[in-house]
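Visitor: I have a model open and some questions about it. Could you take me through a few of its features?

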Amino acid sequence: MTYVDGPLKGLKVLDFSTLLPGPYATMLLADMGAEVLRIESPTRPDMLRGLPPMVGEDQSVSAAHASINRNKQSLALDLKDPRAGEIVRRLLVDYDIVVEQFRPGVMGKLGLGYETLRKTRADLIYCSITGYGQTGPLRQRAGHDINYLALAGLASYSGREYSGPSLSGTQIADIAGGSHHAVMGILAAVYQRQQSGRGSHIDISMTDCAFALNAISGANALAGAGDPELEKELLNGGSYYDYYRTADNRYLSVGSLEPQFAEQFFRVIGHPEWLQRVLQADQQQPLKRDIADTIAQGTLDDWMRLFDACDACVEPVLTFSEAAASALMAERQMLCEAVLPDGSSQQQINTPLTFDGHRPRRHTAGAPLGGDTHQLLNALGYTQEEIEQMQLQGVIA
């Protein structure tokens with residue numbers, strides 16, 4: 001694999017976030033070449049650092065932390081100490097993007113809010129990721145992914161009619177809402193700054209972003225079609241677009257919506273006459289039951305031998321391990337090795353982004369807490385005596 005400088009080389013980011021939304025966003029930026037420095041508490045480390053399983057020769061590094069915080073440096077600062085604020089202001093000479101994930105007002109109380117830091121750096125891009133945004137009645141309320149999806153309306157039609165809303169296998173509001181929208185907002189602000197010289201404060205509400213993900217169903221509801229309901233929409237179980245259990249307790253995904261795919265699907269399962277039922281509203285659930293009974297008569301391998309020979313938008317539901325070992329992921333180079341702090345390596349999910357056919361960089365796993373503190377402070381002009389004094393007093397670690 002060829003590694004090249006990423007397209008974001010030259011961007012320098014201070015990351016004050018923990019857990020998932022902010023760190024995943026800055027991982028994406030780092031994977032694309034940005035230089036990311038995590039500012040971490042020496043007394044309240046990121047909970048992700050302790051999440052098992054652990055990897056490395058001494059089993060001291062969390063696999064999740066090593067992946068989500070790869071390609072970043074770590075500076076351990078007690079932000080409640082005024083001297084930490086001075087260190088941050090010195091860093092702003094070079095670092096022109098800030099990502100933070102505290103509740104609204106917390107960074108301000110620490111003397112590190114946008115209005116304060118822009119006095120040090122007028123073109124600062126400052127991205128705040130919260131559950132409910134910097135304004136509004138819920139801005140100080142605690143929440144998690146499940147709450148944001150609930151208040152955004154998405155959960156109300158995601159699940160089964162008989163059992164109600166269901167949890168997703170991944171954190172949709174955190175990642176698709178918080179992380180991805182933060183990256184988009186930051187890159188848009190970088191472009192704006194190139195045109196105008198102005199910085200900006202980006203307000204990322206994970207609930208706002210989840211609400212925006214309603215897309216098609218939300219557009220229909222606003223146009224008077226009524227609220228989307230469980231198993232009543234084309235893509236949420238209201239049609240034969242669904243998962244079906246096989247004889248060996250595996251599942252097929254059936255997405256044969258378009259006429260040419262539907263025709264092949266019903267032909268392969270041995271019931272071409274069922275095609276006429278697709279457009280009959282009162283036939284959707286009976287049709288799904290008939291399809292389910294048919295699919296249940298064969299194993300996953302049996303069905304895939306038949307469907308591999310045609311293009312019907314039918315694929316097996318793979319476990320993560322099966323997906324990782326598949327020819328598709330191998331060809332797309334979606335697994336990589338990241339170098340751990342002890343020199344060993346850990347297999348990770350690779351960045352999905354390529355530029356001119358190349359991955360932007362070779363990965364290094366998440367840094368130890370404060371692993372770059374001394375080197376960075378030396379570069380900022382602090383003497384060894386000053387560094388040792390601050391370490392003794394708990395300002396740094």
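Visitor: Is Y241 buried, partly exposed or exposed?

Guide: This is a predicted model. Y241 sits in the loop between helix 9 (215–225) and strand 11 (242–245). Its relative accessible area is 31%. Buried means under 20% and exposed means over 50%, so Y241 is partly exposed.

Visitor: Which residues make the nonpolar surface patch of about 280 Å²?

Guide: Y241 has a relative accessible area of 31%. A patch residue needs over 30%. Y241 belongs to this patch, and the residues that make it are L234, L235 and Y241.

Visitor: In what order do the 3 strands of the open sheet lie?

Guide: The pairing is antiparallel. Strand 11 and strand 13 (314–316) each have a single partner strand, so they stand at the edges. From one strand to the next, the twist averages 30°. The order is 11-12-13.

Visitor: Which residue in strand 12 stands opposite R245?

Guide: Strand 11 and strand 12 (residues 251–254) run antiparallel. They are joined by 4 bridges. The residue opposite R245 is Y251.

Visitor: Is T207 buried or exposed?

Guide: T207 is placed in helix 8 (residues 206–212). Its relative accessible area is 10%. The limit for buried is under 20%, so T207 is buried.

Visitor: Which residues is T207 in contact with, leaving aside its neighbours within four places in sequence?

Guide: Contact here means heavy atoms within 4.5 Å. With those sequence neighbours left aside, the contacts of T207 are G131, Y132, Y148, L151 and A152.

Definitions and conventions:
Residues are numbered from 1 along each chain as its sequence is written. This is a predicted model: local features need pLDDT of at least 70, side-chain atom pairs count only at pLDDT 80 or more; totals for chains, interfaces and linings use all residues. Side-chain values use heavy atoms; hydrogens and water are left out. Helices (H or I, at least four residues) and strands (E, at least two) are DSSP runs, numbered from the N terminus. Buried means under 20% relative accessible area, exposed over 50%, partly exposed in between (1.4 Å probe, protein chains only). Patches are made of residues with over 30% relative accessible area and no salt bridge: like charges are joined within 9 Å, nonpolar side chains (Val, Leu, Ile, Met, Phe, Trp, Tyr) within 5 Å. Accessible areas come from the Shrake-Rupley method with a 1.4 Å probe; for residues, only the protein chains shown count as cover. A salt bridge is a side-chain nitrogen of Lys or Arg within 4 Å of a carboxyl oxygen of Asp or Glu. Two strands pair if DSSP finds at least two bridges between them. Axes are lines fitted to C-alpha atoms, for helices over the stretch in contact, and angles run from 0 to 180 degrees between N-to-C directions.
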